[in-house]
Amino acid sequence: MQWLLLIDQVWLPLSLIVGMRYAKHLARTNDKPLIPIHHMQAHALMARMTATIPFPFLCLLVSGGHSLLVFVEGTARFRLLGETLDDAPGEALDKIARRLKLRNIAEYAQMSGGQAIEVAARNASSDTTAYDFPLPLSKYRDCQFSFAGLKNTATRHILEQESKLNLAPDALLPDYEAFCACFLKGVTRHMLHRTQRAIEYCERFKLFNSKSQPRSLVISGGVACNDVIFGALSSMASHFGYSTFRPPKKLCTDNGTMIAWNGVEKLLANDTVDMTKDYGTVDISGKCPIGESLIDDVKAANIACKWAKVEILPS
């Protein structure tokens, strides 16, 4: 049986350099080809390993380092509709969790920042509208993301409360759970609006092959583990007849399985144009476009949306 060595093209450079050199050594030793793999493309296709999701489909990739909306037409055909202008949602959630000092609480000590905020938000019993988080990029009719403003607003709220209540350096806000609920709502609402516009763009410009073709929204990346975010996006997508999928939670975050599965997908689709035994041509890259950019086309479409009514968390 033929086997192949897969190289993930976008991740931590030093780790990849070591892995790439060892992969080349194994390939040469065993006379096997290499298939370069794009990290974010692998995330986008991961859900197809455990669910039947036909091409094409819309995909929201959200993690600690990325926020992308892509229309996926095949293993080698990705069309970028929107991306983050600054911070990624996972980074914003993790940093605010640290700023709130949630790890000082035993219940949250072993959780990631995003998970801690989600659990705290679900535990909120006080007013979950107490803190205001303005919607980012509300005047721009595109699918771009921005989470820096939400993160900065959260930091400002925390500083104001700490000063007002004269809290000790290691003390938590008394209403930290309500704060988490408000912040998570702000992050989720931004994702809802940008993703809905992407759906409406796909429908207006007939990116799907026919009206009868199944519509799917795939949510992948580490932030896809967040049940509040996934549930809200699923509810919104259902208004437009879209089924929503995500990989199993253990496969949402970075993992080797998604790289291997992407190689399987490429082989099954006969998408082996990049497969090579010319090992000297294979290298890592810190920035790889995920595919053709339609960002300017989305901006030019200037789509005004009537936002679907979705309850993110109980008020």
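**Sheet, helices and core**

Tutor: Please bear in mind that this is a predicted model.

Student: Which strands are the edge strands of the open sheet?

Tutor: The sheet has six strands with mixed pairing, in the order 7-6-3-4-5-8. An edge strand here pairs on one side only. The edge strands are strand 7 (242–245) and strand 8 (292–293).

Student: In strand 5, which residue is the bridge partner of Leu69?

Tutor: Strand 4 (residues 67–74) and strand 5 (residues 77–83) run antiparallel and are joined by six bridges. Within strand 5, the partner of Leu69 is Gly82.

Student: Against which helices do the buried residues of helix 4 pack?

Tutor: Helix 4 (residues 113–122) is mostly covered, with seven of its 10 residues buried. Among them are Ile117 and Glu118. These buried residues pack against helix 3 (89–99), helix 6 and helix 7.

Student: Which element gives the largest share of the largest nonpolar core?

Tutor: That core has 68 residues, and those with the most contacts inside it include Phe179, Phe183 and Met191. Met191 touches, among others, Leu60, Phe145 and Ile229. The largest share of the core, 14 residues, comes from helix 6.

Definitions and conventions:
Residues numbered from 1 in each chain as written. Predicted model: local features only at pLDDT ≥ 70, side-chain atom pairs only at ≥ 80, totals over all residues. Heavy atoms only, no water. Pairing = 2+ DSSP bridges. Helix = DSSP H or I, 4+ residues; strand = E, 2+ residues; numbered from the N terminus. Buried < 20%, exposed > 50% of the residue type's maximum accessible area, 1.4 Å probe, protein only. Contact = heavy atoms within 4.5 Å. Core = buried A, V, L, I, M, F, W, Y, C linked by side-chain atoms within 4.5 Å. Lists of a residue's contacts leave out its neighbours within four places in sequence.
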